[in-house]
Amino acid sequence: MNNLKLGVEVVRAHNLMPKDGQGSSSAFVEIHFDGQKFRTTVKEKDLDPFWNETFYFNVSNPNELHNHTLEAHVYNNNATINSKSSLGKVRITATSFVPYSDAVVFNYPLEKGSMFSRARGELGLKVYVTDDPSIRSSAPLPDSSLHANHAQRVEEPVSGNSKKGTRRTFYNLGNSNGQRQQQPLYGVNEMRSEPQAPQFVSQYPPSSSQMADFALKETSPFLGGGQVIGGRVRRSDKLSSIYDLVEPMQFLFVRVVKAHDLPSKDVTGSLDPFVEVRLGNYKGVTRHFEKNQEPEWNTVFTFSKDRMQSSFLEVVVKDKDMLKDDFVGLVRFDLRDVPTRVPPDSPLAPEWYRLENKKGEKKKGELMLAVWMGTQADEAFSDAWHSDAASPVDGSGSGPSTHIRSKVYHSPRLWYVRVNVIEAQDLVMTEKNRFANVHVKAQIGNQVLKTKHVQSQSMNVSWNEDLMFVAAEPFEDHLVLTVEDRVAPGKDEVLGRLYIPLATVERRADDRIVHSRWFNLQKPSVSDIEEPKKDKFASRVHLRVCLDGGYHVLDESTHYSSDLRPSAKQLWKPPIGTLELGILNADALTPMKMRNNRGTSDTFCVAKYGQKWVRTRTITDSLNPKYNEQYTWEVFDPATVLTIGVFDNGQIGEKDSNGNRDMKIGKVRIRVSTLETGRVYTHSYPLLVLHPSGVKKMGELHLAIRFSCTSMSNMMCLYSRPLLPKMHYKMPLSIMQLDMLRHQAVTIVAARLSRSEPPLRKDVVEYMSDSDSHLWSMRRSKANFLRLMSVFNGVLAVGKWFKEVCMWRNPITTGLVHALFIMLTSFPELILPTLFLYMFLIGLWNYRYRPMYPPHMNTRLSCADMSHPDELDEEFDTFPTSRSPDLVRLRYDRLRSVAGRIQTVVGDIASQGERVQALLSWRDPRATVIFMVFCIVAATVLYAVPFQLLIVMTGLYVMRHPRFRHKLPPAPLSFFRRLPARTDSML
């Protein structure tokens with residue numbers, strides 16, 4: 001039995017629009033859900049009414065719950081003329097319903113009830129789903145008199161003033177057992193906007209039946225700009241920060257600048273000083289200087305206020321020693337006396353503090369320090385040593401680790417290098433009596449390409465081939481060309497070599513012709529890359545070399561591109577907006593390593609958009625890390641994707657079987673074009689990773705995203721422009737070239753970012769760039785086939801509907817279709833207007849059901865939850881394979897069976913085309929004669945009979961009644977199937 005019900009508690013409204021002409025309104029609320037309607041009582045002359053009334057809706061089909069919508073309309077009751085006028089409405093999709101234990105009161109902003117109405121204010125609702133069998137659904141009030149004839153009202157006292165002190169719950173009279181569900185009481189303070197932990201609202205994708213645990217969750221956190229409710233920010237009374245998409249976090253900042261006149265400790269009279277900053281169990285250590293009594297560190301330490309375990313801060317100066325570090329002196333601070341700094345205030349000036357011994361007595365030596373309380377908006381935050389990043393894990397404290405800091409990276413600007421090898425002249429062969437088999441090998445860095453082999457008996461050889469490479473700015477590499485002669489299988493003899501610095505190569509931004517040049521080849525024995533000496537006679541090669549800046553170098557999968565601009569800056573258009581990302585926190589992460597006999601993780605996030613990569617600080621020893629870091633990108637094209645990944649830092653702690661690799665935890669992709677302008681999206685994204693054992697949820701990542709548009713007209717114009725730069729269409733590259741160049745581009749970016757500090761390692765860059773998305777996967781093949789079928793589902797549905805019309809399943813519908821068909825045939829000029837108007841109305845209707853959240857990873861769409869373990873093992877196999885021969889043979893046989901079915905389908909399609917060609921090719925003389933006679937008769941009939949009449953007669957024949965049909969195929973189809981194809985000519 002279905003006991004599922006939707007509970008809606010109408011709490012209050014605030015700041016309603018006056019409608020009675022006297023500066024007030026008599027408000028009541030109508031709630032609509034699943035064909036049921038309820039009304040609250042009328043609150044006379046009140047712009048801030050309280051109802052505290054609860055209603056329960058029956059859920060007719062729990063499996064279709066995600067397709068329903070709850071609407072709450074606020075009306076003003078005009079008793080004199082017995083009418084109502086709209087004060088606004090709230091529309092809540094069923095994807096926002098949560099169990100009663102997770103439900104909270106949300107203040108939803110009121111939207112316009114109709115196009116010509118006005119609305120303002122908020123409506124406080126608490127919406128939840130319950131399956132308690134003791135709760136009966138409310139009886140709807142069918143009339144507008146709002147009498148409670150069909151429901152029983154129960155009043156319970158609530159603390160507060162009398163106006164807000166009653167709470168009403170409606171129950172069905174049919175509840176014979178007399179049991180009533182007691183709801184928890186809520187006072188007036190429940191409606192205040194006090195900071196609290198963000199509440200989660202499950203978002204179940206309406207287009208799939210994927211598990212609720214893998215679904216998106218909408219949140220309502222308190223950020224720097226205020227509380228976010230339904231994508232809108234409710235501004236708080238406090239001064240908002242420039243970091244308005246993250247939660248403000250308090251930190252204690254300690255800047256250790258330098259020391260002066262430190263006492264000597266060693267027998268030799270020298271000192272190797274370093275500073276140790278202590279706060280409770282947390283300790284930060286600077287680097288030490290050898291034999292220096294006037295050291296300068298200029299290092300900043302931060303301690304999270306949430307992790308403070310002491311009310312005193314100690315800054316200790318020590319002398320580095322082999323066995324035990326000697327105490328030099330300390331400075332102690334009471335945290336209650338530390339000042340607070342809020343940007344844009346100027347940085348706090350450091351001061352000199354006299355060192356003390358452990359008893360508090362003044363000693364020789366001074367230490368320059370600055371101590372203050374601040375937030376992550378402080379400019380010293382990014383370069384600071386963080387207590388939540390290097391907590392007692394690094395307790396030995398050899399110094400601030402560079403592997404835990406947050407950083408912003410810029411990937412190098414990439415260019416395509418086009419090398420057109422035209423010909424070579426005056427080549428000197430070692431053997432004069434044989435045909436030379438000559439080719440040119442070109443190399444830039446690790447990229448090596450060769451031209452085809454050309455046999456020639458003369459000393460002149462021609463190729464005229466284009467070789468494409470990828471190069472990064474600044475162009476420090478050389479293009480090395482080697483002319484080689486194949487003297488034996490697997491053995492090449494070098495005939496000459498050429499070095500061309502890429503910095504001297506001509507650049508172009510369009511398809512203009514680059515002038516070719518002759519280059520003298522160096523002798524094979526010469527390996528100097530400098531300018532060779534000009535000989536009177538030398539072999540030479542004819543080349544056309546250029547840097548193509550009109551292309552966009554694809555360094556990521558084309559489906560998830562984050563930047564589509566060409567390489568040449570002069571072709572860049574102005575940005576159309578900004579994309580702001582707030583990385584708030586992660587929850588319930590899967591432990592990635594063992595430490596102290598328990599599972600833990602040292603996590604950081606990486607976000608990529610365009611050439612800008614960002615990395616948050618590493619939060620160590622935490623499965624629920626809080627980052628609260630905000631970043632901004634310029635947006636040049638809305639058809640781009642922002643990628644955020646979560647990784648476990650492999651540089652911290654003891655090495656395991658994975659070595660120093662940063663282990664992936666999961667990633668999130670967000671397409672900019674799916675974001676509404678100005679809306680703040682606060683969602684908790686599931687981190688889903690595919691393992692050989694199946695899909696696994698590694699945790700959740702809480703993000704805040706906002707896309708702001710600077711010019712709506714420019715953004716609209718972009719939709720009519722080509723997706724890629726013009727050179728991709730004027731001089732297109734082949735698919736094989738693009739795949740090869742993409743691999744080289746990812747390798748170059750990974751090599752450059754891995755040399756940064758802290759490094760973004762190759763595994764991270766490849767995972768963020770989806771470098772393996774082109775590899776074979778049975779799972780992806782199935783998913784793409786199902787996607788293709790879903791695309792044609794609409795066409796198939798129309799065909800099925802038309803078949804039912806032709807079979808007269810519903811005579812009324814068939815009659816209306818006949819009438820519409822005759823009308824459109826009589827007035828053909830109405831066909832296209834009717835079609836486009838119909839599509840406009842469909843789009844207008846679907847606006848009500850538009851998605852209110854960004855798309856996210858879908859396990860059902862990806863076929864990740866239904867794949868066979870062997871298929872997943874094949875997907876994770878290396879290239880080339882590392883599996884046993886028997887397993888490879890089994891997979892090869894399976895692939896042959898799949899390819900055999902595809903081969904059959906392709907052959908059937910080719911056969912149909914060959915039958916069309918056979919109509920007039922006289923391959924079947926009798927069939928061709930029949931078709932030619934038919935053409936003569938058809939030409940005569942079409943000339944004599946009006947065309948519209950023929951169309952009407954054809955349509956009526958197709959939609960004829962089943963009484964006039966028979967099950968045999970029609971004569972034209974039988975004739976077509978008898979035509980010959982070329983299958984009998986195949987071996």
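Q: What makes the largest nonpolar core a core, and which residues have the most contacts inside it?
A: A nonpolar core is a set of buried Ala, Val, Leu, Ile, Met, Phe, Trp, Tyr and Cys residues joined through side-chain atoms within 4.5 Å. The largest one has 64 residues, and Tyr416, Leu579, Leu581, Trp613, Leu701, Leu703 and Ile705 have the most contacts inside it. Helix H3 (residues 735-753) gives this core its largest share, seven residues. Apart from it sits another core of 35 residues, with Leu467 and Phe469 among them. This is a predicted model, so local features need pLDDT of at least 70 and side-chain atom pairs 80 or more, while totals for chains, interfaces and linings use all residues. Numbering runs from 1 along each chain as its sequence is written, and side-chain values use heavy atoms, with hydrogens and water left out.

Q: Why is Cys863 called buried?
A: Buried means under 20% relative accessible area, exposed over 50%, and partly exposed in between (1.4 Å probe, protein chains only). Cys863 has 1%, so buried it is.

Q: Why does Cys717 count as partly exposed?
A: Its relative accessibility is 38%, so Cys717 lands in the in-between class.

Q: How do you know how many disulfides there are?
A: You look for pairs of cysteine sulfur atoms within 2.5 Å; the structure holds zero disulfides.

Q: What makes the reach of H11 close to the expected one?
A: The expected span is 1.5 Å times one less than the number of residues. Helix H11 (a DSSP run of H or I, at least four residues) has 12 residues and reaches 17 Å from first C-alpha to last, close to the 16 Å expected.

Definitions and conventions. Helices (H or I, at least four residues) and strands (E, at least two) are DSSP runs, numbered from the N terminus.
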